[in-house]
Amino acid sequence: MASLEGKKERRRRAELLQFYGSGQKEDTPYDINSKHFNHDMYVQKIIKESSLKQLLEHEAQMVSQIQVLDSDCQTLVYDHYDKFIAAADIVRKMKEGSVKMEAQITRLQDNMSRITASSTSITSALQERRGHLSRLLGVHGTLRKLEFLFHLPQKIDECIAEKNFTEGVRSYVETAEVLHRYRHMPSFNAIHDDCEAAVGRLNLALKEQLALKEGSARHLTECVDLLLQLGEPAEGLCDDFLAHARTKLEDDLTNLTRLAEAAVESGEDEAPHQETEEETAAGEHVREVSSQEEMRDMTRCAATTMDILEFVDECHESFVGNLWLVISSYKEMFLRSPGGGGGGGGSGASSVALDKLRVFVAGLVEQYVAVVGVRVAAEPDTAHYAPLTTALDKFHRRLHAITQLLPNTNFGDAALSLVIEAGMARCQSSLSALKHGLASSLGDVRHALAAPRHLTQDGNESTHRQLNEHLTRLVAATAASIKEHVTVLQAFTQPKHTFAVRAEFRRRFCRELVREGVVVAFFLHITDTMLQFCHKKDKDPVLLLLLSRMCLDLHTSTVHYLLSHCDEQLQLEDKTGLTHLHTITDGMREAGQKLLNHYVHTQGASISQMLRRSVELKDWLGCGEPRSVRRVMRTVLDEISTMDTQVGALYEEGNRRDRSSDSSRRTFHSVNASRGGGGGRSAWSSYTPSQLDNSLVANLNKLWSERIEIFAPVEFTRVSILTGIVKISLKTLLESVRLRTFSRFGLQQVQVDAYYLRTYLWSYVADEHVLNVLLDEVVTSASVRCCDPELMEQRVVEFICDQN
């Protein structure tokens, strides 16, 4: 004890030292709070070190501290004095109470002594009668049981009349053992026979209740349980139970089917209902006759039509809840009781009963899934799938719960199949919406391109800005639509849904339906749509150019971005078996290449038609000496300039060969290789037909000229596209010239036109050599077809072209 008190004292001292901060201070005679304090030394030290003002302040401080300490001491004394007075009062009261308590305890002891004596005397007096009373009580109990047995048939009949079957069965079950044990006695035999007759009537009444169609599943379970307690064979009751349960559950399915069909009819009759409201006044009397019937139908339809969540909840409250109760009751009655299966069949009979239950539940679940499928198919396609997916999740979870309740079944697969079917329908709807959106966007672009165009103050159309706006809007709308539909379809993959975490669903929905069935299928549809424009000759060439650029942008970055976004949103890490990115981008590039080629052919054909008609309609034998460039050549340059503006708005410049230094002053050496004197005639005039045939000369020139592929695929650059158009146009001009016969002035007119085209077309082509070769062939062909082939002097040609 001393050691414990010492430890407590040391702990309190340490806490006080820690609180006041004195644990680290050394005791000195100058510390006023120390036990070694010396007041003389302290006063001398203060007088020595302090000034008069400091001494006065220190004195005032010490006086104040003394007053505070004195006040604290008085308060402490007063507080302890009050507590002492209170303690004295408590002690005095305890002394007074203890005196009264001693008297009460004394009286209690006396009373307990008298009670003990009385109890001892009573026990001694009744000792002899105790055995007699016990025998009388046993006889009394037996008599009451006999009385209950005598009145048991009447009680059972009363329970039948009051339809209190539970009480009647309980009364019989409690006495059945006694009746069977003593049935050999004549008195008990009569009672046994009466009870068996009453139980027969009770059994019949229960079977009548079992046959009622309006009874609930719980009432059906109670009836079967009571019949089992009465000893009915479990095998027969098993079939009866399932038959009557089927009737009730099929009624629930009928009501659910009616609700589902009401939703289907509501969606189908919406438009016809609007037409009915717009009927003419001639049919008023017909509507008045059937107005009441129509109102009843509309009221019934409004009462039965509900949204998908309410429908699934109604399914759970009616069919699924009753099916759950039937399964639980069946297992409790026929699969767990000792007599389950009936007839002492043991585990074999239980297995048969379980197989019957599985077949029973499987058939009803199949019908239930079909009904829910009808309602899901009738659900309108909105912009949000959250209500639908929530309803499907509830449907899947409840069927999965039935699977857990009934082993060796898998109704969750049937529910998952319906969920996947609903997702497939929404994916097909999304794909249709994407196709419709693409068609609408293309239609808007076509209308915008066909509309009258506004010109700037300089008179030049702002083609660059307009085409770029159309292209940006078209690509952005396509990308936004794909992202929007992928986001909407993500409602099926929310982690809160039980079916969304199943690997089978994610493989089928995310990989096959959304990525392949929506995103990839839409990209392939874009490719097919673009290719269709290549086979139509009545399309706007600018639209072909715009679509080719769209395909190029999709090929370059957009397809990769959208596929990556789709894979990221759907969490597709394993891409085995999926359509590869290059398959889509290569198709996009091929479609863009074909569109661009078709654009070049279309525009080349347009200019070719002008050149061919200008050659065919002119009288080249009777024309005069050329004084200017023909108007059609200026028109061709204007058209090519417009095309250059359109192409330059969408494509980069591209690579161009450096122009030779003498290109602007080029002469036709193939025709005028050596000039004679005097009249300045061409070398062609010095040959006679006997010396060299004109066709032979043309063929020799072709052997030395470079072969040019006219309809070669063009590159995605401005100069390559314009070069393709120019090649087609000049090739048409060449072929048209070869079919005409020219006079000397006609040849010179062709020479002037060719020089004019060379002067201005070189800026549109990638290789000026190609332009020179084609124009040389035009002039050469004209000279071959000329009656008097003599070219105009180069300076005169340049003067005429400069004037134009």
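**Exercise 1. Aromatic contacts.** Identify which residues form one aromatic cluster, and then work out which parts the pair Phe319 and Tyr368 ties together.

*Solution.* One aromatic cluster is formed by Tyr385, Phe492, Phe499, Phe505 and Phe509. The model is a predicted one, in which local features need pLDDT of at least 70 and side-chain atom pairs count only at pLDDT 80 or more, while totals for chains, interfaces and linings use all residues. Residues are numbered from 1 along each chain as its sequence is written, and side-chain values use heavy atoms, with hydrogens and water left out.

Rings of Phe, Tyr and Trp (its six-membered ring) pair if their centres lie within 6.5 Å, and planes under 30 degrees apart count as stacked, over 60 as edge-to-face and the rest as tilted. By this rule there are ten aromatic pairs. Among them is the stacked pair of Phe319 and Tyr368, at 4.9 Å centre to centre and with 25 degrees between the planes. Because Phe319 belongs to helix H12 (residues 308-335) and Tyr368 to helix H13 (residues 347-378), the pair ties together parts that are 49 residues apart in sequence; helices here are DSSP runs of H or I with at least four residues, numbered from the N terminus. Phe319 and Tyr368 are both buried, where buried means under 20% relative accessible area, exposed over 50% and partly exposed in between (1.4 Å probe, protein chains only).

**Exercise 2. Charges over rings.** Determine which ring lies under Arg375 and which under the charged end of Lys618.

*Solution.* The criterion asks that NZ of Lys or CZ of Arg be within 6 Å of the ring centre and within 35 degrees of the ring normal. Arg375 lies over the face of Phe311, at 6.0 Å from the ring centre, and the charged end of Lys618 sits over the ring of Trp620, 5.6 Å from its centre.

**Exercise 3. Salt bridges.** Describe the salt bridge between Asp355 and Arg358, and state whether each partner is buried, partly exposed or exposed.

*Solution.* A salt bridge requires a side-chain nitrogen of Lys or Arg within 4 Å of a carboxyl oxygen of Asp or Glu, and the structure holds 24 of them. In one of these, the side chains of Asp355 and Arg358 meet at 3.4 Å, N to O. Asp355 and Arg358 are three residues apart in helix H13, so about one helical turn separates them. Asp355 is partly exposed, with a relative accessible area of 37%, whereas Arg358, at 19%, is buried.

Methods: Helices (H or I, at least four residues) and strands (E, at least two) are DSSP runs, numbered from the N terminus.
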